[in-house]
Amino acid sequence: MSDAIAFLHALAQALSTMALYAPGHPAARRATQNLWQAAAALLASDGRPVFLFLGTAPVYNGRALQELRDWHHSGRLAAAGVQRLEFDAALTEASMALLIERLTRRLAGEPVLSGESPIPGIAFGPVVVDETDDPAAAAPSALDLEGQPLLLDFDDELAAMRLVLAEAGAGRFAQSEADALVRVLTGLVERWHLPQVAHTGLIEDLAPTLALNTTLLTIAALATEVSDPVGLHRVGMAALVHNIGSAGVANELVSAAMADGAGASARAGARLLLDQGGRNLELSALVAFEHCARADGTGEPSGVPTQWTTGLVQVAAAFALGRAPRDGQPGASVDAAWNYVVAGAGSVFDPAMVELVSRVVHPA
């Protein structure tokens, strides 16, 4: 168990205990002491821990702690106006006791007392809004409440997506890992406006990061129209694996695709998904096959009208690619990446899907 997770477990225990006992009760003292010890252990490895509580998995220093996705105190703290908690080396056991007392009052719905003095070593309250023009330059934990992406470091999710792509390179589809990823990403979209995975800057992480960000934007856009969880999951899966054929799938699949006269990677990806998942992955296979087509009938395959899921994924993928750093250069700004998409509406992209995604990228 990491020090950050141990601290949150101790925080939950302290909050639950304080709801039952007065501050001077032995159980309350023990809970506070345990929390102080957990905080001291965390400070030993991290001189300034920062937590965000936004109603879903807590975020620690820019990374969502998916191990605690069901941690109910995240929603309670957020609703009480405690969306951010950070502390530093000035923290003392007395400071921690005062923090628990104030948090307990807030969670109980008591009004915030005027003139509350700062707590040494601790700061808490609403999230800090980063007002830079380029979200890519913002700290990973900065949440832009005006519609810009929330950039997070998803180490576990990136590792899972690397596995999915590596398995595809061996001619296998890691369906359980892909299913879990889509569930996690859908949960993030339910809570945040537009979460996006922060690029690590490593070339080997470009493909998995693009897959995750395309999926996040696809789900976010579709969720403005429908609330069917099964439908959202199916479309999210299609977005996650739409370009899986480019992962270096098994040579025999690529050879078969080229012999069929279609785009090698698109056909190979579709064939892999159908072979491994059957009817459960028919939509994903169709999107994988069509994702290089264009709205005007050109591209690969040419002359075949694409269905709306493909059009939605294409728009989301184009925006995600535009925002990605490449060749040593930073990614385009939100406006520049979106202007490229808008310029292609009607020729490259389905105008209706551009309009749908605009509700998320550029809400009115």
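Trainee: Which helix gives the largest share of the lining of the largest pocket?
Mentor: That's helix 12, with six residues. Keep in mind that this is a predicted model.

Trainee: Got it. Which other elements supply at least two residues there?
Mentor: Besides helix 12 (308-323), you'll find helix 5 (155-169), helix 7 (206-222), strand 8 (292-293) and helix 13 (334-343), each with at least two residues in the lining of the largest pocket.

Trainee: How many residues line the largest pocket, and which lie nearest its centre?
Mentor: The lining has 30 residues, and H242, N243, A317, A318 and L321 lie nearest the centre of the pocket.

Trainee: And how do they divide into nonpolar, polar and charged?
Mentor: In the lining of the largest pocket, 21 residues are nonpolar, eight are polar and one is charged.

Trainee: How much space lies in there?
Mentor: About 600 Å³ for the largest pocket.

Trainee: Switching over, how much space lies in the second largest pocket?
Mentor: That one holds about 260 Å³. It is lined by 16 residues, with T56, Q66, R69, D70 and G187 the closest to its centre.

Trainee: Which elements give two or more residues to that lining?
Mentor: Helix 3 (73-79) and helix 6 (175-191) do.

Trainee: Which of them gives the most?
Mentor: Helix 6, which puts seven residues into the lining of the second largest pocket.

Trainee: What does that lining have by class?
Mentor: In the second largest pocket, four lining residues are nonpolar, seven are polar and five are charged.

Terms used
Residues are numbered from 1 along each chain as its sequence is written. This is a predicted model: local features need pLDDT of at least 70, side-chain atom pairs count only at pLDDT 80 or more; totals for chains, interfaces and linings use all residues. Side-chain values use heavy atoms; hydrogens and water are left out. On a 1 Å grid over the protein atoms alone, a cavity is a set of points where a 1.4 Å probe fits but cannot get out, and a pocket is an open set with protein on both sides within 12 Å along at least five of seven lines; lining residues have an atom within 4 Å of a point. Grid points are joined across faces, edges and corners, and a volume is the space filled by probe spheres set on the points. Helices (H or I, at least four residues) and strands (E, at least two) are DSSP runs, numbered from the N terminus. Ala, Val, Leu, Ile, Met, Phe, Trp, Tyr, Cys and Pro count as nonpolar, Asp, Glu, Lys and Arg as charged, and the others, Gly among them, as polar.
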